Amino acid sequence: MATWSTRRRKKPNIRHELFSFLMQSILRYCSQSRSLVKKVFLSRQLPAFFQSIMEAGSKPSKVKKEKKPKAAEADASSHPLELSPPPAYIESRLKLWADLKAKYDAELAAKTPEPISITLPDGKVIEGQSWRSTPYQIAAQISQGLADNTIISKVDGKVWDLDRPLEGNCTLQLLKFDDPDAKAVFWHSTAHIMGEAMERHYGGCLCYGPPIEDGFYYDASIEGRQISSNDFPALENLMNKITKEKQPFERLEMTKEDLLKMFEYNKFKVRILNEKVTTPTTTVYRCGPLIDLCLGPHVRHTGKIKAFAVTKNSATYWEGKADMESLQRVYGISFPDGKLLKEWKQQQEEAALRDHRKLGRDYELFFFNELSPGSCFFYPKGAHIYNKLIELMRSEYRKRGFQEVITPNMFNSKLWVTSGHWEHYKDDMFLFEVEKEQFALKPMNCPSHCVMFLQRPRSWRELPLRYADFGALHRNELSGALTGLTRVRRFQQDDAHIFCTPEQITSEIMNALVFLKDIYDILGFELTLALSTRPDNFLGDIPTWDEAEKSLATALDAFGMPWSTKEKDGAFYGPKIDISVTDAMRRKNQCATIQLDFQLPIRFNLSYVTADEGGTKSRPVIIHRAILGSLERMIACLTENYAGKWPFWLSPNQVMIVPVASAFDEYGLNVRQQIWDAGFMVECDLDPGTTFNKKIRNAQLMQYNFILVCGEKEMSNKTVNVRTRDNVVHGEQTVDHVCQRLKHFAESRVREADEKF
């Protein structure tokens, strides 16, 4: 059969065949159809067509096919920026607000102002008027710049809206963004801005929208619409409009009856009002069309939020309970200026590279598997780190008077009923039946240590009695809350409980703080201390709590480091000292804790015989103490802090032997065996397919602390040539000397072993 280029003429035309060949060569680089070539050729316009291509000076551009949008993108683009008409509940909410707010404003205006004194932190006193003067006005009297940079105020120690009138004589603090309370308020206010954008874009019912450790989120129930990251530009667009409008945050106290009417469209808010609100009245806050059930306080207006980003979304359940309604959650972050947001984004990029889950895979330290969710598998190198941390604590226990104990993993529920955990913690325990009795895996060690204390009469001479326990613990965390090593179901702690007399509390707390600082100095962490005081759901009597808090405060003062107070953040059984550490990324992580407990000794009826002649009995006090905290969480923090560059004593990659050629492999293996026998993590690279320089580079990339090179000279002299992962060359050393130096670095736990060889 004749090809298409010869159908027109039986006899081939050399000139046309040549042009046809040139055309086919050119058209290999373009996407035009072959039918067009045929048409041009048959119309004898090849020379003109070829000339037009040559004149263009380049090959014809490709015809780009339009990409079909992904399903999520198509879904996002099919929805308007704002619902039209807006949800009907917005108008009804605003109407009720207008009526009640007008009434409140009239009542406020009718109040008779009285002279008041406002005391600033430096002791200066400013005069004002009750029901008229506001913290913002006081700040503006001092400096307009101060007023503009203040996020929120504290009145008599409680956070207070800047535009809320002062009610009497008070102390006043003006907080900027760097204050934790101000940051929480700033993020809470941004959550309301995002909530307004969500209502305007999705409709639905908003649920909780709190600030969190690094930003904020809002939960919502949205029918017929799945939130995706493709919605984020629309939400940010609306949030940008809201901030430009500088909508004021307005506070209004309402009766429960009016609130139930206002939020009758939202079953979640109704549930909060019926189950959580126990007072006749509570507050709502408004910004623009959004009115939400909220205790506040908030920034003055939405314009204070200068930079923000919607960061991610996820699924969740109402109040985190898997048997409740499914909700959708949107997260965000915000700052008072764009520079801070840019820095935060850069930090997130760096944090992604340091993510312990990624590094755990890259360095073969640990992994997770769906066959045991929330329970980590540690490879040999990860187990090395795990065991070295335990060795560190055990080496200190003997010096500091701790005795290690071993306790069972499962207990009859009667133990947890006695301890009080059954009432407060049952839902977070793994429960099962044994011979028709209810049992649970232990989520903490303290009740079992009380059982040990009870086994025989105790004397004052035995106190303080310090029990330490590395037993495995299990907590039934929700699957959606599991996050690498930082939130797991199975873990171990460097747990300890100190049974002491009330007179020994201050000294034992002081000893615990010194112990903690010594360990964290070895690990290279900076400490931040905070005293968490009596919560609303506390057990016991207030005088006992006050005495306990005083003891902790005295110990903190004596310790000499700065500390802050976290009001109402203590455990239900006693006040505590929260310790957070700052890593190489300047992020704070909470691992350690020191808690005072007067309740557990009462519940277990613990006692000891005093030194009195009559042999009277007295009640001991328990100090709960964990320095590393969860070993899993600490390994996550250390992995991200070191980013694979572990200090020698803790490193899973301590030494790599690199023979310069295969002729020296046997000597390299002999050196490896000597260093292995000395107790170190060592490997020898014998890969024949990798060059010597590549082996050195691979060892450096895998962050081996020391790389020992073996060649002809080293084999003859029974030596190795020592270099580090940072390419510092320490030169030729005998193997015995290398082992001695490595042993010194391991025992002294210095962080700069690579430099000090």
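Let's start at Ser413, which touches Trp422, Gln438 and Phe439 once residues up to four places away in sequence are set aside; a contact here means heavy atoms within 4.5 Å. This is a predicted model, in which local features need pLDDT of at least 70 and side-chain atom pairs count only at pLDDT 80 or more, while totals for chains, interfaces and linings use all residues. Residues are numbered from 1 along each chain as its sequence is written, and side-chain values use heavy atoms, with hydrogens and water left out.

Ser413 belongs to helix α15 (residues 413-419); helices (H or I, at least four residues) and strands (E, at least two) are DSSP runs numbered from the N terminus. Ser413 counts as buried because its relative accessibility is 12%, buried being under 20% relative accessible area, exposed over 50% and partly exposed in between, with a 1.4 Å probe and protein chains only.

Now look at the open sheet of three strands, ordered β17-β19-β18 with antiparallel pairing; two strands pair if DSSP finds at least two bridges between them. β17 (410-412) and β18 (431-434) are the edge strands, each with a single partner, so one side of each has no neighbour in the sheet. On average, neighbouring strands here are turned by 40 degrees against each other, direction ignored, using axes that are lines fitted to C-alpha atoms. Four bridges link β18 to β19 (residues 437-441), and Val434 sits opposite Glu437 in β19.

Further along comes strand β22 (residues 490-500), where 10 of the 11 residues are buried. Follow its antiparallel partners in turn. β20 (residues 465-469) pairs with β22 over five bridges, with Leu465 opposite Phe499. β21 (residues 472-474) is joined to β22 by three bridges, and there Leu473 faces Phe491. Seven bridges connect β22 to β29 (residues 621-630), where Val621 is the bridge partner of Cys500.

Finally, visit the second largest pocket, which holds about 700 Å³ of space. A pocket is an open set of points on a 1 Å grid over the protein atoms alone, where a 1.4 Å probe fits and protein lies on both sides within 12 Å along at least five of seven lines; lining residues have an atom within 4 Å of a point. Its volume is the space filled by probe spheres set on the points. The lining has 28 residues, with Lys101, Tyr104, Arg251, Leu252 and Glu253 nearest the centre. Helix α5 gives the most to this lining, with seven residues.

Notes:
Axes fitted to C-alpha atoms, helices over the stretch in contact; angles between N-to-C directions.
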